Amino acid sequence: MSHHLFSPIKLGQLDLNHRVVMAPLTRSRAGQPGNVPTSMSVEYYRQRASAALIITEATQISQQGQGYAWTPGIHSDEQIQGWKAVSDAVHAEGGRIFLQLWHVGRVSHPVFQPDGGLPVAPTAQPVPGKTFILNEKGEGVWGDVPVPQELDIKGIEAIVSDFRQAARNALAAGMDGVEIHAGNGYLLDQFINSDSNQRSDRYGGSIENRARLLLEVVQTVTEEIGAERVAVRLTPMGRFMGMGDDTPEQTFGYIASRLNQWNLAYLHLVEPMMVGTVLDESNDPRWDAIIKQLRADFHGVLMLAGGYTGETAEQAIAQGRADLIAFGRPFIANPDLPARLRGRTELNPADGNSFFGGDAKGYIDYPALA
Ligand SMILES: Cc1cc2nc3c(=O)[nH]c(=O)nc-3n(C[C@H](O)[C@H](O)[C@H](O)COP(=O)(O)O)c2cc1C
């Protein structure tokens, strides 16, 4: 039977009445000190509650997991309370919300690290690029990332347990579930991709070993809050933050198959033409085959994101390429995106200058249809 963008779907225990999802979007506006969601964030998410599901901006599971200025966390009581206000507002509008759990690994800087130490990674290999840090005056500036410190086994175990605690905190904050961020060149992706993982222990080398940390995190988080509340986001063949893998078909095929072991809420994949926040149309010709293979390898609900329009989303659902489509930039600029897609109404353009940091402008002032 063929489905449509506006046909209902079941996600774990949740009945969604359509398939237009709000993608996770970092907006760098957490309250200071403490990286706590503010009343402005409550309003931002409330405005977008007509999404079939909101996936929150990436949220650090620990202080060590932070890599950019003003991103929110889910490891302190204040943050749990801040997120509770967000989930309450979304639920009051009839919406659903998953919190995206994030550890940046090497994409960090001593200014964010406990005791000003080095960021951690599978291997002492720096990311090519910069991250958005804070200077002594508390202003956001682009800063070079240092050579990270290679994680030892104790350090890895501590991170798995931080994921467990963060998932528990997310439920305490009223979230319907969590999405484990295993893409975009952050910690879990750094373990998965062969270019950024030169380890010779059980977390490096073979595909099984490179996938181990992600699978341990999934095992732990599902144990803690139930598989139907847990999702995973992957960016196979992503190039953002210096990622690269020798055999992406095999690596991501293995992961997709192994994820069948749990009855997860969904698996979320990002089209690789999306390099971070920028669309690069020079799509890798292998992708189309890979997405079909991953679709077959994974037996649960599949979500896709990256450069979708209402039309291409409708096609992807009707053709069975995906079950749900997540929209990023269109949701920033159109709080009522589902209504606009349904009515084929014009979309507000997104202003890239206000994506990261700042105030209400470009955050909660995009107009909805009358
Ligand atoms: C401003 C901005 C922030 C983003 N932050 C996140 C994030 O926190 N976590 C994540 O997994 N992806 C993040 N992404 C990627 C989006 O979730 C999405 O995959 C991407 O924007 C492609 O979808 P689109 O073409 O509909 O915008 C971000 C993208 C943008 C534009």
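The model is predicted. In general, strands of a sheet pair through backbone hydrogen bonds, either parallel or antiparallel.

| Helix pair | Angle between axes | Axis separation |
|---|---|---|
| Helix 1 (residues 39–47) and helix 2 (residues 77–92) | roughly 30° | within 8 Å |
| Helix 3 and helix 5 (residues 207–225) | about 35° | 9 Å |
| Helix 6 (residues 248–258) and helix 7 (residues 287–297) | about 20° | 9 Å |

The axes of helix 1 and helix 2 cross at roughly 30°, which makes helix 1 roughly parallel to helix 2. Their crossing is right-handed. On the side of helix 1, the residues S41, V42, Y45 and R46 meet A85, V86, A89 and V90 in helix 2. By class, this contact of helix 1 with helix 2 divides into six nonpolar residues, one polar and one charged.

The crossing of helix 3 and helix 5 is right-handed. Helix 3 contributes I156, V160, F163, R164, A167, R168 and L171 to the contact, while helix 5 contributes L213, E216, V217, T220, V221, E224 and I225. Nine of the residues in the contact of helix 3 with helix 5 are nonpolar, one is polar and four are charged.

Helix 6 and helix 7 pack at an angle of about 20°, and they are therefore roughly parallel to each other. The crossing of helix 6 and helix 7 is right-handed. The contact involves P248, E249, F252, G253, A256 and S257 of helix 6, together with I290, Q293, L294 and D297 of helix 7. The contact of helix 6 with helix 7 comprises five nonpolar, three polar and two charged residues.

**The ligand shell.** The ligand is surrounded by 23 residues, of which A23, P24, A58, G328 and R329 are the closest. Strand 4 (53–60) and helix 9 (329–333) each supply at least two residues of this shell. Sorted by class, the shell around the ligand holds eleven nonpolar, nine polar and three charged residues.

**Two features of the backbone.** Most residues other than glycine have a negative phi, and most peptide bonds are trans. Two places in this model depart from these patterns. A cis peptide bond joins Q32 and P33, with omega of about -5°. P33 is located in the loop between strand 3 (20–22) and helix 1. W70, although it is not a glycine, has a positive phi of about 65°. The place of W70 is in the loop between strand 4 and helix 2.

Key
Residues are numbered from 1 along each chain as its sequence is written. This is a predicted model: local features need pLDDT of at least 70, side-chain atom pairs count only at pLDDT 80 or more; totals for chains, interfaces and linings use all residues. A residue is near a molecule or strand if its C-beta atom, placed from the backbone, lies within 6 Å of it. Helices (H or I, at least four residues) and strands (E, at least two) are DSSP runs, numbered from the N terminus. Ala, Val, Leu, Ile, Met, Phe, Trp, Tyr, Cys and Pro count as nonpolar, Asp, Glu, Lys and Arg as charged, and the others, Gly among them, as polar. Axes are lines fitted to C-alpha atoms, for helices over the stretch in contact, and angles run from 0 to 180 degrees between N-to-C directions. Angles under 35 degrees count as roughly parallel, over 145 as roughly antiparallel, 65 to 115 as roughly perpendicular and the rest as oblique. A crossing is left-handed if the near helix is turned anticlockwise from the far one by less than a right angle, and right-handed if clockwise. Two residues are in contact if their C-beta atoms, placed from the backbone, lie within 7 Å.
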